[in-house]
Amino acid sequence: MPVKVTNWGYTNPIIAPLYPKPPIYWVGAKVLLVLYEADISAIESVVPEPLEVISNQVIAWISDLPMGTQGPGQEACIYVRVRYKDYVGTYEPFLYVGHEVPLAGGREIWGFCKKLANISLTFDKEVVLGEVERRGVKIMRLQATIDEPASLSELPLGPVFSLKYIPGAAENEPPLRQLVFTRAELKARPGEFFKGRGSVSFERSEIDPTYLLSPTRVIAGYYGICDMVLPLGEIVYRYPEE
């Protein structure tokens, strides 16, 4: 007898789900961030309507996640500041992970635009170095020194928008297009978050054009240990069928 819907797991495969239902937890994440400024028109070129870009400040992020409910792994992304009506937060036009569980879960649940990449985070003398490589191209390279204690509140983070965009499975079936707003929680562990000089660079690739958000001015680099929780989001806009 086929498996009844009421007995399905949270996701496919229905008898062996790939990931659990949110909230998703990450514990003791090592996080490297660089806060910088970019050209506002360049930021607008990677943000979907109806979002409105509200700042030229950008955050580049590379993290190593030793423990979480989707397993250990790595994640890298770029945050820009946006608004939709009274909702204010960030949007990630580029987002990369190290294995298939967060890739599938992030895309299927929230619509995060995740791709697989080789992501590393290491110490090299006084510098924390993070790199993202796809197909031989280093599409993101971050560096930061650890000069003094800092607060996570210095960074323009916050809730995150994502674009859930899934093509239809049949001819003439309209795609699913939703704008999702998720109130993720990020907390730096007391005494384990620092800032210093920062550096960010993007090797040019037309396949992964992170270089579009190249810096015009670097503000600071940050590194620390953080805990994160990602709950289910809120659908704030449903795109009309064309």
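Which residue just after H2 takes a positive phi? Select Gly111: its phi is about 85 degrees. The model is predicted, with local features needing pLDDT of at least 70 and side-chain atom pairs counting only at pLDDT 80 or more, while totals for chains, interfaces and linings use all residues. Residues are numbered from 1 along each chain as its sequence is written, and side-chain values use heavy atoms, with hydrogens and water left out.

**Whole chain**

Show the protein chain as a cartoon: two helices and 16 strands. Helices (H or I, at least four residues) and strands (E, at least two) are DSSP runs, numbered from the N terminus. The C-alpha atoms fill a box of roughly 60 × 40 × 40 Å along the principal axes. The radius of gyration is 18 Å, which agrees with the value near 18 Å for a compact globule of 242 residues; it is taken over C-alpha atoms, and the globule rule is 2.2 Å times the number of residues to the power 0.38.

Next, colour by accessibility. Of the 242 residues, 46% are buried, where buried means under 20% relative accessible area, exposed over 50% and partly exposed in between (1.4 Å probe, protein chains only). The accessible surface comes to about 12,300 Å², and carbon and sulfur atoms account for 52% of that area; the method is Shrake-Rupley with a 1.4 Å probe, and for residues only the protein chains shown count as cover.

Among contacts (heavy atoms within 4.5 Å) between residues at least 6 apart in sequence, 67% join residues at least 24 apart.

**Helix H2**

The buried set is Val101, Pro102, Leu103, Ala104, Gly105, Gly106, Ile109 and Trp110.

**Two cis peptide bonds**

Select Pro22 and Pro23: the peptide bond between them is cis, with omega near 15 degrees. Pro23 lies in the segment before strand S1 (24-37). Then move to Glu49 and Pro50, where the peptide bond is also cis and omega is near 0 degrees. Pro50 sits in the loop between helix H1 (40-44) and strand S2 (52-65).

**Two lysines with positive phi**

Lys85 is in the loop between strand S4 (73-84) and strand S5 (87-97). Its phi is near 50 degrees, a positive value in a residue other than glycine. Lys85 is exposed, with a relative accessible area of 62%.

Lys125 is the next selection, in the loop between strand S7 (118-124) and strand S8 (127-134). Phi of Lys125 is near 55 degrees, again positive in a residue other than glycine. At 74% relative accessibility, Lys125 is exposed.

**Aromatic rings**

Which residues form one aromatic cluster with Tyr84? Select Tyr237 and Tyr239 together with Tyr84. A search of the whole structure finds 10 aromatic pairs. Tyr237 and Tyr239 form an edge-to-face pair, 4.8 Å centre to centre and with 75 degrees between the planes. Rings of Phe, Tyr and Trp (its six-membered ring) pair if their centres lie within 6.5 Å; planes under 30 degrees apart count as stacked, over 60 as edge-to-face and the rest as tilted. Tyr237 is partly exposed at 25% relative accessibility, whereas Tyr239 is buried at 17%.
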